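I opened the notebook to record what I looked up, one entry at a time.

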Amino acid sequence: VEAAQRLGAGDLTVRVQETERRDELGGLVRGFNGMAAALRERDIVRDALGRYLSPEMARSLIATGWQIDLNGQRRQLTVLFGDLAGFTAHVERHAPPDIVAFVNNYLDDMVNILFRYGAYVEKFEGDTFMAFWGAPLPDRDQTQHACLAALAMAGAVESLKAQWGERGFPNL
């Protein structure tokens with residue numbers, strides 16, 4: 001009962017001591033431990049997906065039992081690349097902690113916009129990112145979503161420029 005209460009409260013590390021019993025109680029213990037392990041795995045998958053997908057898209061993929069296809073597929077996608085012009089020169093003139101804070105602030109804002117418009121974020125490299133629409137979930141309006149995201153991102157960068165100036169960062 002205590003383990004069930006802990007699991008219900010969100011403690012996914014809980015485990016009931018297994019016994020050699022082969023009756024209903026032994027089956028209940030094994031079933032409980034299996035359920036707790038499956039919930040832990042689901043959380044790990046959701047956290048991993050959450051780095052590249054919006055929470056809604058991650059939930060949708062988990063709920064539908066999406067399977068990863070390692071053989072690849074032919075699809076039409078809309079791709080968006082983001083990069084701050086002049087960033088490399090900027091990095092050379094500032095301390096690493098300042099650069100990390102700057103990039104994290106910028107990318108957090110950009111990723112929130114990308115997620116709002118249903119993008120999948122493929123990769124990050126410094127200040128550069130690549131995102132696309134149309135996979136892993138189909139998106140009939142992917143081109144429109146990408147354009148709206150790009151416009152929102154341009155507006156967000158304009159807002160960020162004021163903050164950057166206050167902190168001594170250049171107008172990138």
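I started with α5, which lies across β2 and β3 and runs at about 5° to β3. The model is predicted, and I kept that in mind for each entry.

Next I looked up α6. This helix lies across β1 and β3, at about 15° to β1.

Then I turned to the sheet itself. I noted an open sheet of three strands in the order β1-β3-β2, paired antiparallel. β1 and β2 (120–125) stand at the edges with a single partner strand each, so one side of each has no neighbour in the sheet. On average, neighbouring strands here are turned by 15° against each other, direction ignored.

I checked how β1 and β3 are joined. Five bridges link these antiparallel strands. I also looked up Phe81 and found that its bridge partner in β3 is Met130.

Back to α6, for its length. The helix covers residues 142–166, which is 25 residues, and at 1.5 Å a residue it should span 36 Å; its end C-alpha atoms are 36 Å apart, so the two agree.

Which residues of α6 are buried? I listed Gln142, Ala146, Ala149, Ala152, Met153, Ala156, Val157, Leu160 and Trp164. They pack against β1 (78–82), α5 (96–116) and β3 (128–133).

Last, I looked at the backbone around α6. Pro136 lies in the loop between β3 and α6, and the peptide bond from Ala135 to Pro136 is cis, with omega near 0°. Just after α6, Gly168 takes a positive phi of about 85°. For context, I wrote down that most peptide bonds are trans and that most residues other than glycine have a negative phi.

Definitions and conventions: Residues numbered from 1 in each chain as written. Predicted model: local features only at pLDDT ≥ 70, side-chain atom pairs only at ≥ 80, totals over all residues. Heavy atoms only, no water. Helix = DSSP H or I, 4+ residues; strand = E, 2+ residues; numbered from the N terminus. Expected span 1.5 Å × (residues − 1). Buried < 20%, exposed > 50% of the residue type's maximum accessible area, 1.4 Å probe, protein only. Contact = heavy atoms within 4.5 Å. Pairing = 2+ DSSP bridges. Axes fitted to C-alpha atoms, helices over the stretch in contact; angles between N-to-C directions.
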